Amino acid sequence: GHLAMPAKKGRYPVVLVVHENRGLNPYIQDVARRLAVEDFVAFAPDGLTSVGGYPGDDEKGGELFKTVDRAKMTEDFIAAARWLKARPDSNGKLGVVGFCFGGGIANTLAVRMGSELQAAVPFYGLQPEAKDVSKIRAALLIHDASLDERILSGWSAY
């Protein structure tokens, strides 16, 4: 993973940054860096770690992504969020931002982590099942595209 820290020592809110279905590419590392510049401790795990990590190419990353155990990867992201929140430089406030696949993980964390998570910002990503919405305690800032029929098909129930 990629850990990005503010320039000054202290206790800060923490943000888990979750990549698309390509792995921890340079763009996601830069998102974490930009969050650190704004005084957040940001951690971007690599969901491809179990298959050797991001291969340095998004197309190859997309192919590797298809081979990862999705349930294990989800649990790894939850563990990463809890690790990040428990760090000594954390002020105890945890957020998650995710892109496409990562947006779905942000929504999953909002359901699964309940009050442990203070904010979730999914950029696209599948919604949780309607029956699970009541478990969400985090503030949400949801970004979807009005023409993305696959993602929007679950919106009304959500």
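Visitor: Which strands each supply at least two residues of the lining of the second largest pocket?

Guide: They are strand 2 (12–18), strand 4 (90–99) and strand 5 (119–123); strands here are DSSP runs of E of at least two residues and helices runs of H or I of at least four, numbered from the N terminus. The largest share, five residues, comes from strand 4. This is a predicted model, in which local features need pLDDT of at least 70 and side-chain atom pairs pLDDT 80 or more, whereas totals for chains, interfaces and linings use all residues. Residues are numbered from 1 along each chain as its sequence is written, and side-chain values use heavy atoms, without hydrogens and water.

Visitor: What makes a residue part of the lining of the second largest pocket, and which lie nearest its centre?

Guide: A lining residue has an atom within 4 Å of a pocket point; on a 1 Å grid over the protein atoms alone, a pocket is an open set of points where a 1.4 Å probe fits, with protein on both sides within 12 Å along at least five of seven lines. Here 13 residues line the pocket, and Val15, Phe40, Gly95, Val96 and Ala119 lie nearest its centre. The volume, meaning the space filled by probe spheres set on the points, is about 160 Å³.

Visitor: How many residues of that lining are nonpolar, polar and charged?

Guide: Ten are nonpolar, two polar and one charged. Asp, Glu, Lys and Arg count as charged, Ala, Val, Leu, Ile, Met, Phe, Trp, Tyr, Cys and Pro as nonpolar, and the others as polar.

Visitor: What is the volume of the largest pocket, and which residues are closest to its centre?

Guide: The largest pocket has a volume of about 440 Å³. Of its 22 lining residues, Phe101, Gly104, Ile105, Thr108 and Leu126 are closest to the centre. Helix 3 (70–86), helix 4 (101–113) and helix 5 (149–152) each give two or more residues to this lining, and helix 4 gives the largest share, seven. The lining comprises nine nonpolar, seven polar and six charged residues.

Visitor: Why is helix 4 described as largely enclosed by the rest of the structure?

Guide: Eleven of its 13 residues are buried, so helix 4 is largely enclosed; buried means under 20% relative accessible area, exposed over 50%, and partly exposed in between (1.4 Å probe, protein chains only). Among the buried residues are Phe101, Ile105, Leu109 and Met113. Their packing partners, with contact taken as heavy atoms within 4.5 Å, include strand 2, helix 3 and strand 5.

Visitor: How do you know that Tyr27 and Phe99 form an edge-to-face pair?

Guide: The search of the whole structure finds five aromatic pairs. The ring centres of Tyr27 and Phe99 are 5.9 Å apart and their planes stand at 75°, so this pair is edge-to-face: centres must lie within 6.5 Å, and planes over 60 degrees apart count as edge-to-face, under 30 as stacked and the rest as tilted. Tyr27 belongs to helix 1 (residues 26–37) and Phe99 to strand 4, 72 residues apart.

Visitor: Why is Phe99 called buried but Tyr27 partly exposed?

Guide: Phe99 has a relative accessible area of 12% and is therefore buried, whereas Tyr27, at 44%, is partly exposed.

Visitor: What makes Phe43 and Trp83 an edge-to-face pair?

Guide: Their ring centres are 5.0 Å apart and their planes at 65°, so the pair qualifies as edge-to-face. Phe43 lies in strand 3 (residues 41–44) and Trp83 in helix 3, 40 residues apart. Phe43 is buried at 13%, and Trp83 is partly exposed at 40%.

Terms used: Rings of Phe, Tyr and Trp (its six-membered ring) pair if their centres lie within 6.5 Å; planes under 30 degrees apart count as stacked, over 60 as edge-to-face and the rest as tilted.
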